[in-house]
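Have the viewer open and follow along.

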Amino acid sequence: MEVKTFLGGLNVPHYKSFSEKQPIKVASLPEEIIIPLSQHIGAPCQPLVKVGDRVKAGQKIGEAESFVCAPVHASLSGKVKAIEKRPIHSGQMVECIVIEVDDHQESVDYADNDVEKASPEEIINAVKEAGIVGMGGAAFPTVVKIQPPPDKKVDALILNGCECEPYLTCDHRIMLEKTEELLKGTKLLQKVLGVEKAYIAVEDNKPDAINALKEKNDDPNIIIMKTPTKYPQGAEKQLIKAILDREVPPGGLPFEVGALVQNVGTAVAVYEAVRFQKPLIERVVTVTGQNIAQPGNLLVKIGTPLEHLLNECGGIKEEPAKVVMGGPMTGVAQSDLSVPVVKGITGITVLPPKMAFGELEYSECVRCCKCVDSCPMLLYPNQISIYGEAGLYQEAEKWNTMDCIECGICAYVCPSQRPIVKFVQQAKPQIQKLQNSRKE
Amino acid sequence: MNEKKKLVVSSAPHLRDEGTVGKAMRDVFVALIPVSLVSIYFFQWYAVFLIGVCLVTAVLTEILFRKMLKKEPTLHDWSALVTGLFVALLFPATTPWWKAAIATFIGVGVAKELMGGLGRNRFNPALFGRVSLIILAPIIAFVDQQFSALYLNLGRIDVITQATPLAMLHQGMEMPGYGELFFAFPGGALGETSPFFLLVGAAYLFYKGHIGWRIPVSILGTVVVLTFFLGENPLHHLLVGSLALGAFFMATDWVTSPFTNKGKVIFGIAIGFLVILFRVGLAPTEGVAFAILIMNGFVPMIENMTARAQFGKVRKAVPVSSGEN
């Protein structure tokens, strides 16, 4: 089924060809793994092990009591070397469990349950125990998402396979190679949410994935939707608009319009958690870009250092390079290659010297409206950037800065090279402060 | 830990479109070349000289002002050259060169640089420069007497002495044919010689995505409707004077037009209305320039009144919802 799209947005170059034809390959084991105790939005975990302990692959090593939280597990067996603050991809220092990896790997025993018989309670419990978070990048604990408040009725589940970020192909490969797991995971999510209809949304630049899904799907209540290829089609609110023609209100969550969006990778993780009781200890990561010797899609153990993964793919070809965790539109450029791959990392984009620009010199806004025309949230990024730059946060608030989803399209099109997203990121906490002080 | 790896970092996004302000301004300059060539065909060295004076003055003015303001020169953004060319196109070929130079100086120096540079100027610099000569008319007339010896004679051209089509229209004289007025007719300012070649340039800018349809269509539409009801000939009004130049090139100026879509339409309608008010009710010249400049001043107000609702603000019936919202 084809769908309409959302207002705004833009065709950005896809750059998918580097890795889209590369089958998922199991990455080699690193010498040490670094498991951050916080890989999700919400409260950090407390360690369940201490330095010197031996852990098995799949063993739970961190947990928290808080509702919005996801436990963490050892992705490989070995000895706990340290529990200390280490840098992660966001640039923050986070408490991490560092494990020295054994040569001989030992794993916890996995079950083999009949997924068709799983009750909603069993599914919720499996998802919680597996530490599953949104694998499209946001890393929100899935167990929270699949239990919306009882007064909000969700009637539509959307599986997000748009993968609108340039370069990235991990979701594409998952849809091709783990088609059945995806469909089964979708059914589990439908069951737990009690929704009849599920939609799997795929951008039309992935016709092979659409065909694979159509072929394997025999459930009339799972509808494969072809969306136009337009950035940011995969953004949650824009996807709901495109598939269901419903608009999530400002500051609101999808269930307020009866919708719930999950990444396709998350659905596969849910399936594996319910069937095998397998925790989220590995994920597919796209390592790509003009500047990596052998681009590909790798099945990577959580906690694998970035550098190990780059070497696995033949290393960086030319320096100076830019190594971006995630896609180039929203990802974070890295200065330290020791940071670990965590649950929410979709890909690593390695850009060549000529694309590896630092902070650009920018000039005044010339009010060309290119950002206005392409903003998917229908904001006025020009105004936000001017007031944000000047530190006039009250004005920035009036232009709805808080509704910005930081997709980056405004800065992408800006002919004055203004770092609009950076201004937004600077303004948001200040506006939050203003709003908090007003409440008091 | 990772020895000798040269890594570049910056804030997201890490991809950028290739468009820059400089490239866009250069496109505007290119889009004005066809009509400039038509004017050179008619007015020969007069047109060449006038355009040259304005371009050189624009560049020198920008360098001078940015030096004074202790800022880096920004000639690479082409905006000085574009303003210079616009000013030249707003004058008749026989305009004394120093008048055009003063207009350019005021446009680039005062209306743009002193306002904070490209992006900060509220009024279209070229129009501001052109119109300030009208406002300063008594002074200009005085200077004129002193400097009449400086007038250049660049050869005799018959077309220079004839009445401009706009004046003909105003005085109810017999008008040239539509085809002639549309494709090429000498009379008035350099930029008034050929609506057709202006359209060619405008089409190029539209194709490049630099101008939209809202402002030109609402200006021209308003002019057609008003002239029709006033019993004037709408086609004549579309084809004469600097309406085409103003509607496609000057009212669509990024910096001085509204950034809201509804605002662009209101802006255009108001300009169309003012143009006809000036043309039919008042003096026959520079109605377009005054109309656009006046509306430039209203832009912030228009924007505030017409800003769109953000995503999700549109109150639409949601098929399912339970509880209160």
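Helices (H or I, at least four residues) and strands (E, at least two) are DSSP runs, numbered from the N terminus. Before going on, please note that this is a predicted model, in which local features need pLDDT of at least 70 and side-chain atom pairs count only at pLDDT 80 or more, while totals for chains, interfaces and linings use all residues. Residues are numbered from 1 along each chain as its sequence is written, and chains are lettered from A and ligands numbered from 1 in the order in which they are written.

Is A:Ala70 buried or exposed? A:Ala70 is buried, because 32 other C-beta atoms lie within 10 Å. The cut-offs are these: a residue is buried with 20 or more other C-beta atoms within 10 Å of its own, exposed with 12 or fewer, and partly exposed in between, with C-beta atoms placed from the backbone. Leaving aside residues up to four places away in sequence, A:Ala70 touches A:His40, A:Gly131, A:Ile132, A:Val133 and A:Pro141; a contact requires C-beta atoms, placed from the backbone, within 7 Å. As for A:Met135, it is 65 residues from A:Ala70 in sequence and 13 Å away in space, C-alpha to C-alpha.

Now step back to chain A as a whole. Its secondary structure comes to 13 helices and 17 strands, and 57% of its 440 residues count as buried. Among its contacts with a separation of 6 or more, 73% are between residues 24 or more positions apart. The C-alpha trace spans about 60 × 50 × 50 Å along its principal axes.

Strand E10 (residues 197-203) and strand E11 (residues 222-227) run parallel, joined by 6 bridges; strands pair if DSSP finds at least two bridges between them. A:Glu203 has A:Thr227 as its bridge partner in E11(A). Between E10(A) and E11(A) the chain passes through helix H5 (residues 207-216), and this β-α-β crossover is right-handed, that is, clockwise from the first strand over the helix to the second with the strands pointing away from the viewer.

Chain A is divided into domain 1 (115-276) and domain 2 (370-439), with bounds from an automatic or database domain assignment. The domain centres, taken over C-alpha atoms, are separated by 29 Å, and each domain gives 6 residues to the contact.

Chain B has 14 helices and 0 strands, and 48% of its 325 residues are buried.

Finally, look at the largest nonpolar core, which has 228 residues; A:Ile158, A:Leu309 and B:Leu50 have the most contacts inside it. Such a core is a set of buried Ala, Val, Leu, Ile, Met, Phe, Trp, Tyr and Cys residues joined through C-beta atoms within 7 Å. Its largest share, 10 residues, comes from helix H1 (residues 21-43) of chain B. Domain 1 and domain 2 of chain A both give residues to this core, so it lies between them. Apart from it lies another core, of 6 residues, including B:Leu166 and B:Leu181.

Definitions and conventions: Two residues are in contact if their C-beta atoms, placed from the backbone, lie within 7 Å.
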